[in-house]
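Colleague: Before I use the labels in this model, I would like to hear what stands behind each of them.
Modeller: Go ahead and ask.

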Amino acid sequence: FKAYIESKSGTFPVPQADFMTELQDYIDNPSTSGSEPEVINKRIGLINGRLRYVVFKVIGGDFEAAVKMEPRYDDWQDIVKNYAAGAPAGVNEPFQTSGFWLWMVSEKALVRNALQGIGIAGAISFGVLILSTLNIVLSVYAILCILGIIFSVMAIMYFNGWSFGTAESIAVVILIGFSVDYVVHLCHAY
């Protein structure tokens with residue numbers, strides 16, 4: 001838009017009284033703006049003669065675990081807040097969104113639920129073992145064995161440098177099932 005205005009009249013920023021007219025002219029003249037009209041119409045939201053939104057596309061890097069993405073999200077939120085603080089009325093309520101941020105929240109929930117699953121599976125397994133074996137000592141050994149399996153695999157993930165993300169939380173949930181199943185059968189057979 002700036003290049004378009006400078007090539008047309010040479011004066012930027014556009015005076016406020018002329019802004020909407022110039023913006024509409026920019027959208028209506030794809031040959032002079034250098035972009036296809038459908039691309040401009042998706043990125044600049046003029047609704048009933050009022051500017052409602054502007055879309056900025058930013059390439060943000062590769063998808064990573066939530067632990068690594070959260071600082072990026074916080075940086076973007078700071079940019080938005082700084083813009084809002086200095087923006088005039090009417091354009092001082094910006095927001096930003098990304099598929100990365102949506103997935104980050106989902107991933108944090110998966111990780112939290114995997115850790116909760118360890119506690120819940122341990123408690124239920126302990127109760128079932130006590131009822132099925134009628135032996136507290138054997139049940140304690142079995143639970144320690146289950147927790148040892150889970151935490152040793154999690155330690156291997158950590159020492160390999162993996163961030164505890166989506167794949168790891170799913171693997172831990174599966175691991176809980178395998179470790180409980182195997183140990184409980186051995187314990188019951190003993």
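Labels and their cut-offs

Modeller: Leu-138, Ala-142, Cys-145, Ile-146, Ile-149, Ile-150, Val-153, Met-154 and Met-157 in H7 meet Glu-168, Ala-171, Val-172, Leu-175, Ile-176, Ser-179, Val-180, Val-183 and Cys-187 in H8. To meet is to be in contact, with heavy atoms within 4.5 Å. This is a predicted model, in which local features need pLDDT of at least 70 and side-chain atom pairs count only at pLDDT 80 or more, while totals for chains, interfaces and linings use all residues. Residues are numbered from 1 along each chain as its sequence is written, and side-chain values use heavy atoms, with hydrogens and water left out.

Colleague: At what angle do H7 and H8 cross, and what is that arrangement called?

Modeller: The axes of H7 (residues 136-159) and H8 (residues 166-189) cross at roughly 150° and come within 9 Å. H7 is therefore roughly antiparallel to H8. The classes are: under 35 degrees roughly parallel, over 145 roughly antiparallel, 65 to 115 roughly perpendicular, and the rest oblique. Axes are lines fitted to C-alpha atoms, for helices over the stretch in contact, and angles run from 0 to 180 degrees between N-to-C directions. Helices (H or I, at least four residues) and strands (E, at least two) are DSSP runs, numbered from the N terminus.

Colleague: What makes H5 oblique to H6?

Modeller: H5 and H6 pack at an angle of about 135°, with axes 10 Å apart. That angle makes H5 oblique to H6. Among the residues in contact are Tyr-73 and Trp-76 of H5, and Phe-100 and Trp-101 of H6.

Colleague: Which side chains form a salt bridge, and how do you know that they do?

Modeller: Lys-108 and Glu-70 do, at 2.9 Å from N to O. The term asks for a side-chain nitrogen of Lys or Arg within 4 Å of a carboxyl oxygen of Asp or Glu, and the distance of 2.9 Å meets it. Since Lys-108 lies in H6 (residues 99-133) and Glu-70 in H5 (residues 66-86), the pair ties together parts that are 38 residues apart in sequence. The structure holds 1 salt bridge.

Colleague: Why is Leu-134 called exposed?

Modeller: Its relative accessible area is 75%, so Leu-134 counts as exposed. Leu-134 sits in the loop between H6 and H7, and has a positive phi near 55°, although it is not a glycine. Most residues other than glycine have a negative phi.

Colleague: What makes S1 and S2 a pair of strands?

Modeller: Strands pair if DSSP finds at least two bridges between them. S1 (residues 44-47) and S2 (residues 50-54) have 4 bridges, in the antiparallel sense.

Technical notes: Buried means under 20% relative accessible area, exposed over 50%, partly exposed in between (1.4 Å probe, protein chains only).
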